[in-house]
Amino acid sequence: MAAAAISIICNFPLHSHTSIFFNISFPPSVRSRKSCFFRFSRICVVSSHTNPKILKPKRRSRYGQPLSPYDSDSDEDDDDDSFEDEEDDDISTSDDESLDVRVSAQDRQRLKFQNATHIRRDSHHHSEGGSNAKLGHRRQTPEITQDCREKEARVSLAKDRFSHLAEELDLDERWYPLLDYLSTFGFKDSHFIQMYERHMPSLQINKSSAQERLEFLLSVGVKHKDIRKIILRQPQLLEYTVENNLKSHVTFLTSLGIPDSRIGQIITATPSLFSYSVENSLKPTVTYLLEEVGIEKNDLAKVVQLSPQILVQRINTSWTARFNFLTRELNAPRDSIVKMVRKHPQLLHYSIEDGLLPRINFFRSIGMRNSEIVKVLTSITQVFSLSLEGNLKPKYSYLVNELGNEVRSLTKYPMYLSLSLDQRIRPRHMFLVSLKRAPKGPFPLSSLVPTDESFCQQWARTSVDKYLDFRQRLLLKELARKYERR
């Protein structure tokens, strides 16, 4: 029988450019696998380049038998005995030069397994590559392409916009997205410089984190136009997390009885609130207001809304100092002082030397006794916030010289001091005079208290429109007079 020749091509994925061609001749006497000898008549290795890791000519199996000189991807395959040979007999082969090479059935099976494994890997890589290519093709939609272009355009614009600012400050390009985002709230270069000088780490916050925090503030009632003011006053706020800080402080304010509609205003007025611990600072302050100052629990929410700063000041120091001053200076009883704080908690912020004392001395200068001053201050404590030269003195002068009243009338109608001289006191007085309905003698201060409708019905006996028209013309005359003085 003639010898049969078989050509076998083995592709080893160990190297993508390597192929081994076997030309094997079978002698005619071959009857079974066990007695079969392979004659390698020709071995040709084709490779575009070589890899020294592949060739290991002296390798042997764990049983001391010679292995194929071609390595696998990992040495772990050498020890893989999970696939046993069907036959353990060695099969020897010889080439044309009568050089025999014996290959065990175990090694042959091993090479067969490696080939199958690599072919599967190759197939998987080709399949995966094709899928990725298709997926990539699908992703290249016009919308995504447009988004990429817009993103690149924004990055380029940000670099152009902040390049000169980066020359003045030590800015990192990674900060640009945050600066660009804050610009939507009206931030300008001067504001970024202010933030940099006050608290530089606030500019290093990731844009998405800052956006999450500011959106939370907007959701609880902070107005968009107030974000810039808040951040400039408290740039650290950009570093406060929603879950661990912002939410807990909002929950605290709600627990005081403050309505949701007022939360945003309190945050805007006192953004530093978030830098104080709820448990170690804010709650103890509330306890002090209730137990030491004497604020009723039902009045607590009102007090905080009138003056949110009361939560972040050293309440024990400010209360003690002002309580002692009013007690010593006016002999004011404790109940009256507590009532002052409840009506106008800003009292605890005012300077004693520059705020409280000058106004008390003014009342004394116009002839009021301490008891009368206490009565006026208890009734309308906000007079402590009014300007002496621009408010209190002009009103007193008009009271005495134009309305013909005495200073004692202030104890009966202390609200007079809180009314606007240009918008309320003078227009109503002049309107009644023009209608010849002003009573003789001291002008009744009670006519200044009611609403415009009640005033026109009870005192002027005319329409509201007529009074409003008169007031508008009077205001224009006063404005022209002030302009001429300049």
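This is a predicted model: local features need pLDDT of at least 70, side-chain atom pairs count only at pLDDT 80 or more; totals for chains, interfaces and linings use all residues.
**Entry 1: a cut-off, then E292**

I count a residue as partly exposed when its relative accessible area falls between the buried limit of under 20% and the exposed limit of over 50%. I needed that for E292, which has a relative accessible area of 42% and is therefore partly exposed.

I found E292 in helix α9. Next I asked myself which residues E292 touches, not counting residues up to four places away in sequence. I noted T287, W319 and R334. I also looked up the C-alpha atoms of E292 and W319: they are separated by 9.3 Å, while the two residues are 27 apart along the chain.

R334 turned up again when I looked at rings. I saw that R334 lies over the face of F323, at 5.3 Å from the ring centre.

**Entry 2: the chain as a whole**

I stepped back to get my bearings. I read off 19 helices and five strands for the secondary structure of the chain. The chain has 486 residues, and I noted that 39% of them are buried. I then took the contacts between residues at least 6 apart in sequence, and found that 63% of these join residues at least 24 apart.

**Entry 3: a threonine in a loop**

I went to T270, which sits in the loop between α8 (260–269) and α9 (278–293). Is T270 buried or exposed? Its relative accessibility is 2%, so I put T270 down as buried. Leaving aside neighbours within four places in sequence, I listed P308, Q309 and V312 as the residues in contact with T270.

**Entry 4: α12 beside α14**

I turned to helix α12 (residues 334–343) and helix α14 (residues 370–379), whose axes come within 8 Å and cross at roughly 30°. Angles under 35 degrees count as roughly parallel, so I wrote α12 down as roughly parallel to α14.

Which residues meet here? From α12 I listed S336, K339, M340 and K343, and from α14 V374, L377, T378 and S379. Sorted by class, this contact of α12 with α14 gave me three nonpolar, three polar and two charged residues.

**Entry 5: α15 beside α17**

My next pair was helix α15 (residues 388–401) and α17, which pack with their axes 12 Å apart and at an angle of about 10°. I therefore noted α15 and α17 as roughly parallel to each other.

On the α15 side I found P394, K395 and Y398, which meet L421, I425, R426, H429 and M430 in α17. I divided the residues of this contact into five nonpolar, one polar and two charged.

**Entry 6: aromatic rings**

How many aromatic pairs does the structure hold? I counted eight. One of them joins F431 and F470, and I noted this pair as tilted, with 5.2 Å centre to centre and 50° between the planes.

I wanted to know which parts this pair ties together. F431 lies in helix α17 (residues 421–434) and F470 in helix α19 (residues 464–485), so the pair links parts that are 39 residues apart in sequence.

I checked how covered the two residues are. F431 counts as buried at 2% relative accessibility, and F470 is buried too, with a relative accessible area of 15%. Last, I marked F431, F455, Y467 and F470 as one aromatic cluster.

Key
Residues are numbered from 1 along each chain as its sequence is written. Side-chain values use heavy atoms; hydrogens and water are left out. Axes are lines fitted to C-alpha atoms, for helices over the stretch in contact, and angles run from 0 to 180 degrees between N-to-C directions. Helices (H or I, at least four residues) and strands (E, at least two) are DSSP runs, numbered from the N terminus. Angles under 35 degrees count as roughly parallel, over 145 as roughly antiparallel, 65 to 115 as roughly perpendicular and the rest as oblique. Contact means heavy atoms within 4.5 Å. Ala, Val, Leu, Ile, Met, Phe, Trp, Tyr, Cys and Pro count as nonpolar, Asp, Glu, Lys and Arg as charged, and the others, Gly among them, as polar. Rings of Phe, Tyr and Trp (its six-membered ring) pair if their centres lie within 6.5 Å; planes under 30 degrees apart count as stacked, over 60 as edge-to-face and the rest as tilted. Buried means under 20% relative accessible area, exposed over 50%, partly exposed in between (1.4 Å probe, protein chains only). A charge sits over a ring if NZ of Lys or CZ of Arg is within 6 Å of the ring centre and within 35 degrees of the ring normal.
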